[in-house]
Amino acid sequence: MKRFGKLGSQPDRTLTTTLDLRINLFFFSTFFIFCVIIVRLAGLQFVEGPTLTEVETNRETKNAPLAAMRGIIYAAGGEKIAYSTPVQSLYITLTNEYTAKSTDKETGKVAFTEAAMIKANALADRLVTDFSKYGDPNAPKLTRQEVKASLDLEFKKYLGYIPRRIKAGLTSQEVAYFMEHKNQYPGLSIVEESLRHYDKNTVAVQTVGFIKPFKSTEDLAVYQNIRSAMKKINSSPGLSYKVDEFVGFDGLELQYQRELRGENGYQVVSVTPQNMAEKVEKVVAPVKGKDIWMTINMNIQLKTEQAITEQIKWLHTNAVQGKTHPDALTGYAVAMEVDTGNVITMASMPDYDTNVWIADSFPTEIWNKIINNYQNGTITSIQSGSSGHDIRSVPFLGSTIKPLSVLIGLNEGFFTTSTTYKDKGIAYFGKDDKSSVRNSSGHVYGPMDPAKAIENSSNVFMVDMVGKQLYLKYQDKGVEVWDKYMKDFGLGVSTQSGLPKEAAGIIGYKDITAAGSSQAALVYASFGQQAGYTTLQLAQYASTLANEGIRIKPQLVSKITDAQGNVVKEFQREVLNKVTFAPSYWKEVKQGMNSKVSAFDDFPYDFARKTGTSQQMADRELRDNGVFIAYAPRDKPKLAVAVIIPEGGFGSNSAAPVARKIFDAYDWEYGLDGVPKKNLQPAVNVIKE
């Protein structure tokens, strides 16, 4: 029995040990699994949580921008030149039933299902019918094809969740009808947007610029940067642009795009895995853009534009020195305050009605009319108008360079203010002096000092005393010396106005091969036949002469205000650089800027001026371009003016009359002596009894 008892206890102990081992393994395994789960959960929450949340958010919701009301561009007197008005627009947000597609088993082609096509066509037809019934009877009628193009069923322009704008500028009847029958349309919404308008008087249209849809701005660097920023995951939704949103494309509209645009609002839209909208989760309202106040005076601007137009017509029918100038078709003028840098007028004529850009597109015949005039000819020669023989807005500056030529000669020590030079009407240069330059019309002026050389516009003085002397002193490096002086006065460099597409000018004297030699380049440059500059550059150059070497930045905007009228930024006088010459040099040049100009015969102020007639070869013949610069009054300069009339003939007869009208207009509005003439009341005659 005892033996049996011993033998019977062994299995019991083995069973107990095995059971304990299994229980321990179970608890250990359970503990291990729990540890893994806890570690994994911690990793998901603290390490991968933000990323997964971001991915989930991006998958489930999208931001659809809402355009802000664009700010106003005012003229100096507070007139609205570019402004926006609210309009109601109809948007459709598509659902899957309108875009469903299937794959043909035999061909593998993907196409809309028959049901989707029927629904899409029915939707387009219903919209066309309702627009026709409740819309403006005088407005163009939308067609089924146009509505379907706006729906973008193929997602060529928009992602699925983006609302499609079908029609802008709804009538009150349309708004009432669609809001009442909203449930009959997929994702229909009426959104308040803005429509841009430009003053019908066409005030400085090329300077103000225009807008175009964002989708049309792929080639502009500023919008390329915006597109790159929009692709970033953490980019602000308010900075996102709608593809059909109108944005600045040229002029001040582009230069101040950020301020004028404001900040877009946006909708947070929940979407399906196919990027189709489900519902709007959140709406953030847009912030209205800021307002821009130009320095341009509307009254002076309109008088300048009229003066150019009338002068061009006059040149077509009135003979000057025996000939008319029917090929003078364009004109450019800029007036800039000498003390502030404020641009008072900037005219590029002919101009056009900027309102043509408001539509997504416009007829070919309209484009053909404006193609050569829609850009700003006062700052560029690209598509800014041309004369009858295709001379554009940056012709050679001609004799208007001569005040600076004399300054250079004085500063380099080539002559003094008391030097007497005998003008023989011709100057020789080049190898063995075989090349020559004559004065205009073959004039021989005889003995003259530097001031008289400017007043008489002596080419031969500039050649003998400046161009040839620079070459003798510096040889081939003389061109670099000349170039440095030009840039100090704003010729050949940006004026720093900030306007888009501003050109540096045509620097012909650097093309030594075309000139024939460095000496020839300097000779022709000395009297204005080797470089062409924009009208704005010439105005800044004239201002620099008036300021005796202080170059001022042209200011086109005086201030920026917010929607409540509070000033958020003001623009002040800004000095770009300063050139120091002896006071006697400035006095000599100022005295020499005294050319006879009949248009100013009865001008009540003493003023400094220089006429110019540059010559350019076109259609195998030399054409005369009229150029004129001036500032007034002579001793206390207030306003500098530059005018260019390509193929207008002598500057004194073509460009100067326009400048006179600009000075008169400024005197009326502001006063060249500080007293606006419009404020002077006529004397009242008192009759005594």
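This report walks through the predicted model from overall make-up to single residues.

## The model at a glance

Residue numbers start from 1 along each chain as its sequence is written, and side-chain values use heavy atoms, with hydrogens and water left out.

The protein has 21 helices and 27 strands; helices (H or I, at least four residues) and strands (E, at least two) are DSSP runs, numbered from the N terminus. Of its 689 residues, 50% count as buried, where buried means under 20% relative accessible area, exposed over 50%, and partly exposed in between (1.4 Å probe, protein chains only). The accessible surface comes to about 33600 Å², and 54% of that belongs to carbon and sulfur atoms. That area comes from the Shrake-Rupley method with a 1.4 Å probe; for residues, only the protein chains shown count as cover.

As for contacts (heavy atoms within 4.5 Å), take those in the protein with a separation of 6 or more: residues 24 or more positions apart account for 70% of them.

Strands count as paired if DSSP finds at least two bridges between them.

At the E14 end, strand E13 (residues 331-337) pairs with E14 in the antiparallel sense over six bridges, and Ala 335 stands opposite Thr 345 in E14.

## Another enclosed strand

Strand E6 (residues 164-168) has four of its five residues buried, so the rest of the structure largely encloses it. Strand E3 (residues 80-92) runs antiparallel to E6, and four bridges join them. Leu 90 stands opposite Lys 167 in E6.

## Cores and a covered helix

A nonpolar core is a set of buried Ala, Val, Leu, Ile, Met, Phe, Trp, Tyr and Cys residues joined through side-chain atoms within 4.5 Å. The largest one has 101 residues, and Trp 482, Met 486 and Leu 538 touch the most other members. Not counting residues up to four places away in sequence, Leu 538 touches Leu 397, Leu 491, Tyr 533, Val 627, Ile 629, Ala 642 and Ile 644. Apart from that core lies another, of 32 residues, among them Leu 639, Ile 645, Tyr 666 and Leu 672.

Helix H19 (residues 583-592) has Trp 586, Glu 588, Val 589, Lys 590 and Gly 592 as its buried residues. Their cover includes helix H12 (402-411), helix H13 (450-455), helix H18 (535-546) and strand E26 (621-632).

Asp 488 sits in helix H15 (residues 478-488) and, at 17% relative accessibility, counts as buried. Its side chain makes a polar contact with the side chain of Lys 484 (2.9 Å). Such a contact is a pair of N or O atoms within 3.5 Å; within protein, one must be able to donate a hydrogen and the other to accept it, and residues adjacent in sequence count only if both atoms are side-chain atoms. Leaving aside neighbours within four places in sequence, Asp 488 is in contact with Arg 551, Asn 577 and Val 579.

Ala 656, in helix H21 (residues 656-669), is buried at 0% relative accessibility. Its C-alpha atom is separated by 7.3 Å from that of Val 643, 13 residues apart along the chain. Gln 257, in helix H9 (residues 257-261), is buried too, at 4% relative accessibility.

Methods. This is a predicted model: local features need pLDDT of at least 70, side-chain atom pairs count only at pLDDT 80 or more; totals for chains, interfaces and linings use all residues.
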